[in-house]
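Please take me through this model in the viewer, one selection at a time, and tell me what is to be found at each stop.

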Amino acid sequence: AVVSTQSTGEDATAIMRTTAKYPDLFMDQMMYYELGFMPLDEDEKPSKQGVVTFLSFCCFGLVPLLSYILCELIPSERSIAFPISCVFTAITLFLLGMVKGRFATEKLPVAGLKVLLMGAVACAASYLIGFIVSSLLLKDDEDPCTMV
């Protein structure tokens with residue numbers, strides 16, 4: 001039970017005393033209403049969730065690399081690997097957001113755009129950090145791609 005702002009002092013005390021008798025229920029209520037966390041289902045297994053997350057990361061993490069792998073097979077097309085990678089990644093992020101939106105009951109295009117925007121911001125930040133670090137560490141005439 002939840003104590004609302006419309007509860008009287010006596011009702012609130014009765015609700016809290018009753019709920020406090022059941023520690024698991026009390027904790028679930030506090031986690032949900034105070035922190036916004038959903039309680040874990042008894043059927044959920046962290047190891048299974050970890051494996052699913054790992055496999056998802058491997059599958060979706062491969063998407064930006066696919067264009068480079070494919071363009072390596074066609075040497076004359078290497079110059080378009082980066083733009084193709086960006087397009088594939090953007091499409092994948094959008095679709096991933098739509099799948100997330102389906103489970104989170106969000107509007108699918110909005111959910112897709114949210115994930116795409118977060119991915120674009122993360123990508124831009126990583127490129128900016130890479131640019132700054134390489135400009136601090138490399139001399140003007142050094143090419144970072146040939147440094148091995």
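Predicted model: local features only at pLDDT ≥ 70, side-chain atom pairs only at ≥ 80, totals over all residues.

Residues are numbered from 1 along each chain as its sequence is written, and side-chain values use heavy atoms, with hydrogens and water left out.

With the surface displayed, the protein chain exposes about 12200 Å², of which carbon and sulfur atoms supply 70%; accessible areas come from the Shrake-Rupley method with a 1.4 Å probe, and for residues only the protein chains shown count as cover.

Switch to a cartoon next, where the protein chain shows five helices and zero strands, helices being DSSP runs of H or I with at least four residues and strands runs of E with at least two, numbered from the N terminus. Among contacts (heavy atoms within 4.5 Å) between residues at least 6 apart in sequence, 21% join residues at least 24 apart.

Select helix H1, residues 9–20, and pick out Thr18 within it. The side chain of Thr18 reaches the backbone oxygen of Ala14 at 2.8 Å, and Thr18 itself is partly exposed, with a relative accessible area of 43%.

Move on to helix H4, residues 81–103, whose 23 residues should span 33 Å at 1.5 Å a residue, in agreement with the 33 Å between its end C-alpha atoms; the expected span is 1.5 Å times one less than the number of residues. Within H4, Ala81, Ser85, Thr92, Gly97 and Gly101 are buried, and what covers the buried residues of H4 includes helix H3 (46–73) and helix H5 (108–137). Just after H4, select Thr105, which takes a positive phi of about 50 degrees.

Finish at Glu106, which is partly exposed at 24% relative accessibility. How many salt bridges does a search of the whole structure find? The search finds two, a salt bridge being a side-chain nitrogen of Lys or Arg within 4 Å of a carboxyl oxygen of Asp or Glu. Glu106 forms one with Lys100, the closest N and O atoms being 2.9 Å apart, and one with Lys114, where the closest N and O atoms are 2.9 Å apart. Lys100 is partly exposed at 37% and Lys114 is partly exposed at 43%; Lys100, Glu106 and Lys114 are thus linked in a network of salt bridges.

Conventions. Buried < 20%, exposed > 50% of the residue type's maximum accessible area, 1.4 Å probe, protein only. Polar contact = N/O pair within 3.5 Å; in protein donor to acceptor, adjacent residues only side chain to side chain.
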